[in-house]
Structures are given as C-alpha cells and as structure tokens.
Amino acid sequence: MDIQSLKTLMEINAMQSLGAVQSSQSSNGSSLFSELLGEVLQSSKSETSVNEESSLYYNGNASVFIPPNSSFQNESLISALSSYTSTSSSSSNYDDIIQRAAAKFNIPEKLISSVIKQESDFDASAVSTSGASGLMQLMPGTAKYLGVNNLFDPEENIMGGAKYLSQMLNQFNGNVETALAAYNAGPGAVKKHDGIPPYKETQNYVHKVMNYFNA
C-alpha cells in the first residue's frame with residue numbers, strides 16, 4: 001500500500017469519525033496511533049518535513065500529520081494503524097452506555113469495555129458459533145434471565161452483560177479474574193474447580209481481558 005492509498009483510507013475514516021465522536025486530546029498530546037505512525041514514517045527514511053501541504057488525519061481522539069510524497073511498504077504497521085482506528089471509533093460509540101452501566105452496577109467502566117473488546121471487538125451484530133450474541137456475547141438463556149429482550153440492542157446488551165458481570169464479582173468476592181472466568185465458563189465450572197477452570201479457552205480469555213483492563 002502506498003502513502004496515497006493510506007491517506008485516502010484515513011480521510012474516509014476521519015469523515016466517519018467526525019460525524020460520530022467528539023475530539024479529545026490526551027494530556028501529553030500523544031497516542032498509540034501517532035506512535036505507530038511515527039514508526040512508519042521513520043522507517044521510510046523520508047526527509048520530507050511536516051508543512052502546510054501535509055494531510056491532517058483526525059480519528060476522534062488524536063490528530064497527526066502525514067508528510068506528502070512519502071512511501072513505505074510496512075504492511076504490518078499499516079494493518080495495526082487501521083485496526084487501532086477502527087477500535088477507537090467503535091468503542092467511543094458506546095462510551096455513554098458503558099458509563100451508565102458502570103455507575104448502575106458499581107463496576108469499573110474499563111472492565112466492561114475490556115470484556116466487550118474481547119467478546120465482540122465492539123461489533124453489536126456479532127454472533128458466535130455457540131449462539132452468544134451482541135456486544136457482550138450473551139447466550140439466549142442468560143439474556144432471558146437478565147431481562148434482555150433484544151440481544152442486538154447495544155444498551156440492552158451492555159446493561160445485561162454488566163449486570164451479569166456484577167453478579168459474578170459479588171459471587172466470587174470481588175475477584176476480577178475469577179469473575180471473568182465465571183462470565184466465560186459459567187459459575188458452576190469455577191465452583192467445581194475452586195477457581196479458574198483448567199480450560200485453555202477460559203484461561204486465555206481471562207488473560208486477554210486482564211491485559212486490556214490493566215493496559
């Protein structure tokens with residue numbers, strides 16, 4: 001992918017983001033996106049300086065300049081940039097719901113968003129092979145128990161998932177890792193094994209969510 005193609009992609013994403021999110025600048029003015037872009041541009045060994053002809057990319061929480069006439073072929077970093085942009089824009093669409101769910105069920109906002117990230121990558125229409133659906137991948141039976149009527153409604157799904165996560169935290173004395181294991185494998189499996197079950201899927205799940213939560 002050349003720089004012009006990447007710029008076009010970024011400009012399309014920028015226009016979409018501008019219609020969906022508000023700008024917010026981090027205290028140090030940096031972001032994962034800008035760091036990755038800096039690495040890309042450094043790898044190109046371009047001597048072109050940032051100037052008025054540079055393309056401004058806005059992704060909702062950071063803006064960076066792309067020097068014109070630069071070229072690079074680092075596909076892995078291009079992929080990382082695209083993935084970061086997509087995730088940032090998607091997650092911000094549900095910030096208000098996540099905040100309200102966290103306040104209602106007294107659990108950290110970041111824990112809810114970390115579960116959503118791992119469960120569906122912020123895709124409200126996601127459906128697993130086992131039938132779990134929506135942002136927090138609720139099973140139909142669990143959703144019915146939680147009072148969720150529409151699994152694909154972001155607010156219903158997040159509120160239901162947060163409620164269930166809160167119940168798991170209460171049931172396992174506030175232990176986040178154990179609660180996550182119960183969210184994934186069921187509280188019965190956690191009780192049977194007196195902790196995180198020896199299931200590779202569940203152990204990987206807990207590890208990944210905790211990485212997001214602690215990042």
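I'll begin with the chain as a whole, then go to a pair of helices, and finish with a few single residues.

Ground rules first. This is a predicted model, where local features need pLDDT of at least 70 and side-chain atom pairs count only at pLDDT 80 or more, while totals for chains, interfaces and linings use all residues. Residues are numbered from 1 along each chain as its sequence is written, and side-chain values use heavy atoms, with hydrogens and water left out.

So, the overview. The chain has ten helices and two strands; here helices are DSSP runs of H or I, at least four residues, strands are runs of E, at least two, and both are numbered from the N terminus. Going from the N terminus, the order is α-α-β-β-α-α-α-α-α-α-α-α. Of its 215 residues, 44% count as buried, and by buried I mean under 20% relative accessible area, with exposed over 50% and partly exposed in between, using a 1.4 Å probe and protein chains only. Take the contacts between residues at least 6 apart in sequence: 53% of them join residues at least 24 apart. Contact means heavy atoms within 4.5 Å.

Now to helix α5, residues 109-120. Its twelve residues should span 16 Å at 1.5 Å a residue, and the end C-alpha atoms are 16 Å apart, so the two agree. The expected span is 1.5 Å times one less than the number of residues. Buried in α5 are Leu111, Ile112, Ser114, Val115, Ile116, Lys117 and Ser120.

What does α5 meet in α7? Leu111, Ile112, Val115 and Ile116 of α5 touch Ile158, Ala162, Leu165 and Leu169 of α7. Sorted by type, that contact has eight nonpolar residues, no polar and no charged. For that sorting, Ala, Val, Leu, Ile, Met, Phe, Trp, Tyr, Cys and Pro are nonpolar, Asp, Glu, Lys and Arg are charged, and the others, Gly among them, are polar.

And the geometry? Two packed helices are described by the angle between their axes and the distance between the axes. The axes of α5 and α7 (residues 154-171) come within 11 Å and cross at roughly 110°. That makes the two helices roughly perpendicular, the label for 65 to 115 degrees; under 35 is roughly parallel, over 145 roughly antiparallel, and the rest oblique.

Just after α5, aspartate 121 takes a positive phi of about 55°. Phenylalanine 122, in the loop between α5 and α6 (140-146), has phi near 65°, positive in a residue other than glycine. Asparagine 173 sits in the loop between α7 and α8, and its phi is positive too, about 55°, although it is not a glycine.

Buried or exposed, for phenylalanine 122? Buried, because its relative accessible area is 8%. Asparagine 173, at 75%, counts as exposed.

Threonine 178 is in helix α8, residues 176-185, and is buried at 13% relative accessibility. Leaving aside neighbours within four places in sequence, threonine 178 contacts Phe172 and Val190. Threonine 202 belongs to helix α10, residues 200-214, and is buried at 2%. Not counting residues up to four places away, threonine 202 touches Ala181, Asn184, Ala185, Ile196 and Pro197.

Methods. Axes fitted to C-alpha atoms, helices over the stretch in contact; angles between N-to-C directions.
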